Amino acid sequence: MGRGKIEIKKIENINSRQVTFSKRRAGLLKKARELAILCDAEVGVVVFSSTGKLYEFASTRMEQILARYNTNPDGPKLISSEKETEIEPQHQVNALKSEVAKLQLVQRQMAGKELGGLNFQELQHIEHQLHEGILAVKDRKEQLLLEQLEKSKLQEQKVVLENETLREQIEEYRSRLYRENGLIGRKNSGPCSSTVCDCRSERDGNSDTSLRLGLSVDFCHKRKKPKTESTSNDLGGVMVLE
């Protein structure tokens with residue numbers, strides 16, 4: 001069964017293109033070598049890949065083949081054809097430059113400059129485009145403001161949660177301090193000293209006695225305190241106690 005015909009056009013798949021290039025290049029160089037050997041021809045082949053890599057084959061010397069080619073009378077015709085092929089890229093460059101100039105003019109007109117040569121419909125079209133652009137800018141600005149507002153709300157909630165956590169930690173710390181202080185107070189609260197107990201018992205005794213005699217506690221206290229009076233006579237000083 002014969003092989004199907006291959007359509008001669010650029011291969012879009014890069015991998016397939018590279019495989020085809022390698023196979024066809026090897027076949028081309030093989031055919032050039034066979035042509036040079038079988039027919040005693042002087043053959044030179046120069047191939048540049050799409051990546052710019054050079055592949056060449058020369059039956060003798062490449063410089064000699066090129067010098068012979070340049071001195072050939074038919075050479076200028078081939079050179080002129082190469083110049084014609086160079087004209088087409090130059091034409092494309094000029095077309096691209098013209099397109100860039102038009103786009104720059106439209107940009108200046110959108111900015112409100114160089115409007116002198118425009119008619120009413122063209123000006124109305126520019127106005128419509130500017131109005132749509134303003135609406136799009138406003139929508140985008142509102143969207144950004146809403147996003148910033150959401151971020152602010154999230155940050156506020158985060159701060160509130162952090163404050164609540166800190167407040168709970170402070171309350172827990174205070175409760176622990178109160179508990180520790182309560183334990184320390186209970187440890188220090190023991191039997192009273194003898195002085196305090198004596199004073200308390202004395203105060204309680206005075207109260208009982210005062211109650212029996214119908215006297216006030218203040219009178220008992222005053223009664224308890226000794227009073228000293230000093231009297232002096234001509235014979236000498238004598239201390240009298242009451």
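The chat below walks through a predicted model of a protein chain, starting with its overall make-up and moving on to single residues.

User: What does the secondary structure of the protein chain come to?

Analyst: In this predicted model, the protein chain has six helices and four strands. Along the sequence, these elements follow the pattern α-β-β-α-α-α-α-α-β-β.

User: And how many of its residues count as buried?

Analyst: The protein chain has 242 residues, and 8% of them count as buried.

User: What share of the contacts comes from residues 24 or more positions apart?

Analyst: Taking the contacts in the protein chain with a separation of 6 or more, residues 24 or more positions apart account for 10% of them.

User: Which residues in α1 are buried?

Analyst: The buried residues in α1 are Arg25, Leu29, Ala32 and Ala36, and the buried residues of this helix pack against β1 and β2. As a general point, an α-helix has 3.6 residues a turn, so residues three or four places apart point the same way.

User: What caps the N-terminal end of α1?

Analyst: The cap is Asn13, which has a side-chain oxygen 3.0 Å from the backbone nitrogen of Asn15.

User: And what follows α1?

Analyst: Asp40 follows the helix, and this residue is found in the loop between α1 and β1. The phi of Asp40 is near 55°, which is a positive value in a residue other than glycine.

User: Is Asp40 buried or exposed?

Analyst: Asp40 counts as exposed, because its relative accessibility is 70% and the cut-off for exposed is over 50%.

User: Now the strands. Where is Ser49 found?

Analyst: Ser49 sits in the loop between β1, residues 44–48, and β2, residues 54–58. Despite being in a loop, Ser49 counts as buried, because its relative accessibility is 13% and buried means under 20%.

User: What does Ser49 touch?

Analyst: Leaving aside residues up to four places away in sequence, Ser49 touches Phe21 and Tyr55.

User: Which residues form a nonpolar patch on the surface?

Analyst: Val46, Phe48 and Leu54 form that patch, and together they have about 300 Å² of accessible area. Leu54 has its place in strand β2 and is partly exposed, with a relative accessible area of 43%.

User: Changing topic, how many salt bridges does the count come to?

Analyst: The count comes to three salt bridges. One of them joins the side chains of Arg68 and Glu42, with an N to O distance of 2.5 Å. This pair links distant parts of the chain, since Arg68 is in helix α2 (residues 62–70) while Glu42 is in the loop between α1 and β1, 26 residues apart.

User: How exposed are Arg68 and Glu42?

Analyst: Arg68 is exposed, with a relative accessible area of 55%, whereas Glu42 counts as partly exposed at 29% relative accessibility.

User: Which residue does Glu171 form a salt bridge with?

Analyst: Glu171 forms a salt bridge with Arg174, and their closest N and O atoms are 3.9 Å apart. These two residues are separated by about one helical turn, because they are three residues apart in helix α4. Glu171 is partly exposed at 42% relative accessibility, and Arg174 is partly exposed with a relative accessible area of 44%.

User: And which side chain does Glu164 meet?

Analyst: The side chain of Glu164 meets that of Arg167 in a salt bridge, at 3.1 Å from N to O. Glu164 and Arg167 are three residues apart in helix α4, residues 120–188, so about one helical turn separates them. At 37% relative accessibility, Glu164 counts as partly exposed, and Arg167 is partly exposed as well, with a relative accessible area of 45%.

Conventions. Residues are numbered from 1 along each chain as its sequence is written. This is a predicted model: local features need pLDDT of at least 70, side-chain atom pairs count only at pLDDT 80 or more; totals for chains, interfaces and linings use all residues. Side-chain values use heavy atoms; hydrogens and water are left out. Buried means under 20% relative accessible area, exposed over 50%, partly exposed in between (1.4 Å probe, protein chains only). Contact means heavy atoms within 4.5 Å. Patches are made of residues with over 30% relative accessible area and no salt bridge: like charges are joined within 9 Å, nonpolar side chains (Val, Leu, Ile, Met, Phe, Trp, Tyr) within 5 Å. Accessible areas come from the Shrake-Rupley method with a 1.4 Å probe; for residues, only the protein chains shown count as cover. A salt bridge is a side-chain nitrogen of Lys or Arg within 4 Å of a carboxyl oxygen of Asp or Glu. A polar contact is a pair of N or O atoms within 3.5 Å; within protein, one must be able to donate a hydrogen and the other to accept it, and residues adjacent in sequence count only if both atoms are side-chain atoms.
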